[in-house]
Amino acid sequence: MQIPTTDGLADAFAAYPDHGEQHPGVLMNPDAFGIRPVIRDLAAELAGHGYYVLVPNFFYREGPTPIIDLPGHIGEADRSALAARLMPLIKELTPERVLSDADAYLGFLTAQPEVGAGPIAVTGYCIGGLLATRTAAAHPGQVAALAAFHAPVAADGPESLLRLTADVHFGHAATDITPEALGELNQSLEAAGVTYTSEIYPGTVHGFTMSDTDAFDPAGLRLHWDRLLPLLSRALAKG
């Protein structure tokens, strides 16, 4: 799929049930390694629960997927070199670009004939979780659910959380956040009046949902589904 944006065309793919009904829409942002088989599998599994899942290539300004060559399995030895190549691209995702892209992605998602007229959800992994959080904050009347996993969701500061009206789940890797920092984040969510769960997934490292990496944790992925699916069911039905 090609999504028109103010800066060009963003390549994307969608997964949705094969029957003819309309479904709640979900915008899923991948991790920094981008669209690849494991992301397609996550989107397909979520779609199997009755959702239309749109996954954009948020690095589209650099070209279509794949942006960089990835090994079939991303080992710890590969991660630092890949991160060094991706970090300049991440830095170019300014808040202004992210919000402009989010407008385009949500407009495209809600215009699909398979997507129902109700509220939508945004999800994301790693940097995609931060993009999802920014998207939810910028579209309070439209985004009813936000879920982010091993993501720097507090990178924009506590004041950014004040704009959230979605029901929220943040699933943190144990190596990404200290219990003290988690407490501060959760206090900010409470002060903002957000309906949320925000927790450290025990024994996990950054990237624990991604089965093509050394960071993968099967128990962490199962907990991710145990948190994500009820959140979407509650929030999108409520909307």
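# Briefing: pockets, cores, cavities and backbone features

Helix α5, residues 179–191, contributes four residues to the lining of the largest pocket, the most of any contributor. The model described here is predicted. Its largest pocket holds about 290 Å³ of space, and its largest cavity holds about 120 Å³. The largest nonpolar core has 50 residues, and another core, of 33 residues, lies apart from that one.

**The largest pocket**

- By residue type, the lining of the largest pocket consists of 11 nonpolar, five polar and two charged residues.

**The second largest pocket**

- The volume of the second largest pocket is about 240 Å³.
- Its lining has 16 residues, and those closest to the centre are Ala 32, Arg 79, Ala 83, Cys 126 and His 206.
- Helix α2, residues 76–91, gives the most to this lining, with five residues.
- Nine nonpolar, four polar and three charged residues make up the lining of the second largest pocket.

**Nonpolar cores**

- Within the largest nonpolar core, of 50 residues, the members that touch the most other members are Ile 3, Leu 54, Val 122, Leu 146, Leu 164 and Phe 170.
- The other core, which lies apart from the largest one, has 33 residues, including Met 28, Ala 144, Tyr 201 and Leu 223.
- Leaving aside residues up to four places away in sequence, Leu 146 touches Val 122, Ala 132, Thr 133, Ala 136, Leu 164, Ala 166, Asp 167, Val 168, His 169, Phe 170 and Leu 231.
- Among these contacts of Leu 146 are Val 122, Leu 164 and Phe 170, which are also listed among the core members that touch the most others.

**Cavities**

- The model contains three cavities of 30 Å³ or more.
- The largest cavity, with about 120 Å³ of space, is lined by 15 residues, of which Phe 33, Gly 34, Ile 35, Asn 57 and Ile 67 lie nearest its centre.
- The lining of the largest cavity has 12 nonpolar residues, three polar residues and no charged residues.
- The second largest cavity contains about 70 Å³ of space.
- Asn 29, Phe 58, Leu 93, Val 98, Asp 101, Ala 102, Tyr 105, Leu 131 and Thr 135 line the second largest cavity.
- Two elements, α3 (95–111) and α4 (127–138), each give two or more residues to the lining of the second largest cavity.
- Helix α3 supplies the largest share of that lining, four residues.
- The lining of the second largest cavity divides into six nonpolar, two polar and one charged residue.

**Helix α4**

- The 12 residues of α4 should span 16 Å at 1.5 Å a residue, and the end C-alpha atoms are 17 Å apart, which agrees.
- Helix α4 is mostly covered, with 11 of its 12 residues buried.
- The buried residues of α4 are Ile 127, Gly 128, Gly 129, Leu 130, Leu 131, Ala 132, Thr 133, Arg 134, Thr 135, Ala 136 and Ala 137.
- These buried residues pack against the helices α2 and α3 and against the strands β3 (25–29), β5 (120–125), β6 (143–149) and β7 (167–173).

**Backbone features**

- Most residues other than glycine have a negative phi, and most peptide bonds are trans.
- Thr 65 and Pro 66 are joined by a cis peptide bond, with omega about 0 degrees.
- Pro 66 is placed in the loop between β4 (52–56) and α2.
- Cys 126, which is not a glycine, has a positive phi of about 55 degrees.
- Cys 126 is in the loop between β5 and α4.
- Cys 126 counts as buried because its relative accessible area is 14%, under the 20% limit.
- Cys 126 is also one of the residues closest to the centre of the second largest pocket.
- His 150, also not a glycine, has a positive phi of about 35 degrees.
- The loop between β6 and β7 holds His 150.
- With a relative accessibility of 1%, His 150 is therefore buried.

Note on methods
Residues are numbered from 1 along each chain as its sequence is written. This is a predicted model: local features need pLDDT of at least 70, side-chain atom pairs count only at pLDDT 80 or more; totals for chains, interfaces and linings use all residues. Side-chain values use heavy atoms; hydrogens and water are left out. On a 1 Å grid over the protein atoms alone, a cavity is a set of points where a 1.4 Å probe fits but cannot get out, and a pocket is an open set with protein on both sides within 12 Å along at least five of seven lines; lining residues have an atom within 4 Å of a point. Grid points are joined across faces, edges and corners, and a volume is the space filled by probe spheres set on the points. Ala, Val, Leu, Ile, Met, Phe, Trp, Tyr, Cys and Pro count as nonpolar, Asp, Glu, Lys and Arg as charged, and the others, Gly among them, as polar. A nonpolar core is a set of buried Ala, Val, Leu, Ile, Met, Phe, Trp, Tyr and Cys residues joined through side-chain atoms within 4.5 Å. Buried means under 20% relative accessible area, exposed over 50%, partly exposed in between (1.4 Å probe, protein chains only). Contact means heavy atoms within 4.5 Å. The expected span of a helix is 1.5 Å times one less than its number of residues.
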